Amino acid sequence: MTVRDALAVPALRGAGPVVLAGAAGLGRQVRWVHTTELVDIAPLLRGGDLVLSTGIALPDSADDLAAFAESLDRSDAAGLVIELGRRWAEVPAALAAACERLSLPLVALGREVRFATVAQAVGERIVDSQLEELREAQRVHEVFTELSIAEAGPAEILESVQRLAGATVVLEDEQHRIVDFRSGPGDAAGFLADWPARSRVVVLDGRTTWDEANGWLVTRVGKRDRGWGRLVIESPGRPAQRLVATAERAAAALALHRLHDRQRDSLVRRTHHELLVGLLADPSAPDVLQRCELAGMPLTRRQLVGLALRSPVVSDETGRRAGQLDAAVAAVVHAVHEMRVPALVCEIDGAVRALLSFSPSADSTRATEELAGRVHRRVRVVAGAGRAVDRVGDVGRTLRESLHVVDAVRPGARERTVHRLEDVHLRGLLTMLADDDRLRLFTARELDALREHDARTQTGLLDTVRALVRHPGSKSDAAAELHVSRSAFYDRLARVEQVLGVDLDDPDILVSLHVAVLADEVFGGGTG
């Protein structure tokens, strides 16, 4: 209750209240009513007390009256109400001037009134308001307790907030992008317009803040050092405590759901990791097959397809790289759930690995393409798929094939929803043979002499061979790739022939060098 509200209570309104000074402070909160005639009452007051007095014992001098008003203000009194007639026919100008200067509401009552009646009426209104706050707080508590017990997701939590607040509510991530929202009765389009730019300027120092410029009540979702987003509720005016409680309980429910979700995801991902590693090691192991069936992954009389995904841009930062993998895993899990495809999904050695299980009558190729397309809409990845197998014993083959395919996709290759073995050609074969020491020996024998020569002379002969095999039909294009003239390129080719002791016009030599260059790229550019 404010002073303005208290003056509207019938017991006070009937006494003809007139605001003489301090009208700017009529919004001060009234916590109780205190009746007194003492001039030194200030130390006994609590913040928010509305003081009622006849003024019969108040001082006469202007300085003493000003000091009295200042003592009330220091005690955070809500205001001063003087009943005229007992001491003064009108309130002294010095007292009015002091109250105006302090923005302390000074009210004169033109008619006599029982102060006990006023105290009772205002006190009852305050208690009723507090009881209503408690009821509202209990309602908010019950709503979010039920949501937490039910492990409700963000959608249900936002809907509950919207119903409780009666306003637009937005959940944003740490980059100030809108994750989800629920519209209130107002103009949601205007409220959401230019969101990222407006949100970035709202600084959240504590747990919750009200941004008057935007009309936003903003609270952090998650701990201060690990917050992953913010909850924003439309609030053009200063929010009531009930709305603040609603926002903070909703943020806690969202954080709790995320924690539960991560725990469930961590347990499921660990289980899937164990099962996939087991299938790669020995797909015929009875305990692995039984655990797959119990985990909801049917393997018998099914089409089984291996899927591997990598980020096209690998970050050097460990945290960012883990974030890329987590986002890709989440996208695959979301896609298989949407399509209701039984699958094992996890991360193994820096790649997202999945085993998909389709019914015998399904078009596994088309279904895999659709699933990968759903993943691409959520996260940028390169996807490779193995050929479908219908025997559990061949699961390792489709899983390994998918990884070979995705590892064989060269940078700059034509983008596909899913790459397959027929798309990667010789590079795919070399990727499958990457662990064979004979291939490494062959590559070293073909290229090490050039690598050693380049180390001594910095002439770039190995790059010259790479350009040659990438542009076998045009030496002009090969020279342009290296940013050298044709004559300079021919000089380099002559030097390559001299170092290797070969004739580059011999087709067999060119094929050998081409295979060696591709294998060197598969190995990561260093085989010496």
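Which helix holds the place of Ala 155? Ala 155 is found in helix 6, which comprises residues 154-165. The model discussed here is a predicted one.

With a relative accessible area of 30%, Ala 155 is classed as partly exposed, a class that lies between the buried limit of under 20% and the exposed limit of over 50%. When residues up to four places away in sequence are set aside, Ala 155 touches Asp 180 and Arg 182. Leu 254 stands 99 residues from Ala 155 in sequence, and the C-alpha atoms of the two residues are 9.8 Å apart in space.

Ser 75 occupies the loop that runs between helix 3 (62-74) and strand 4 (79-83). Its relative accessibility is 16%, and Ser 75 therefore counts as buried, because that class covers values under 20%. Leaving out residues up to four places away in sequence, the contacts of Ser 75 are Ala 42, Pro 43, Leu 45, Arg 46 and Gly 47.

**Surface patches**

A nonpolar patch on the surface is formed by Trp 32, Val 127, Leu 131 and Leu 134, which together have about 350 Å² of accessible area. Helix 5 (residues 115-149) gives the most to this patch, contributing three residues. Leu 134 lies in helix 5, and Leu 134 counts as exposed because its relative accessibility is 57%.

A patch of another kind, one of negative charge, also occurs on the surface, where Asp 503, Asp 505, Asp 506 and Asp 508 gather. Of these residues, Asp 506 is placed in the loop between helix 18 (486-500) and helix 19 (507-523). Asp 506 has a relative accessibility of 31% and so counts as partly exposed.

**Salt bridges**

Side chains of opposite charge can pair when their charged atoms come close. Across the whole structure, a search finds 19 salt bridges. The table lists some of them.

| Glu 370 | Arg 374 | 3.0 Å |

How far apart in helix 12 are Glu 370 and Arg 374? Glu 370 and Arg 374 are four residues apart in helix 12 (residues 364-378), so about one helical turn separates them. Glu 370 is partly exposed, at 41% relative accessibility. Arg 374 is likewise partly exposed, its relative accessible area being 22%.

Is Asp 448 buried or exposed? Asp 448 counts as buried because its relative accessibility is 18%. Arg 451, at 22% relative accessibility, counts as partly exposed. Salt bridges that share partners link Asp 448 and Arg 451 with Asp 463, Arg 466 and Asp 520 in one network.

Note on methods. Residues numbered from 1 in each chain as written. Predicted model: local features only at pLDDT ≥ 70, side-chain atom pairs only at ≥ 80, totals over all residues. Heavy atoms only, no water. Patch = residues over 30% accessible without salt bridge, like charges linked within 9 Å, V, L, I, M, F, W, Y side chains within 5 Å. Areas by Shrake-Rupley, 256 points an atom, 1.4 Å probe, with all protein chains shown as cover. Salt bridge = Lys/Arg side-chain N within 4 Å of Asp/Glu carboxyl O. Lys, Arg positive; Asp, Glu negative; His and termini not counted. Charge placed at Lys NZ, Arg CZ, Asp CG, Glu CD. Helix = DSSP H or I, 4+ residues; strand = E, 2+ residues; numbered from the N terminus. Buried < 20%, exposed > 50% of the residue type's maximum accessible area, 1.4 Å probe, protein only. Contact = heavy atoms within 4.5 Å.
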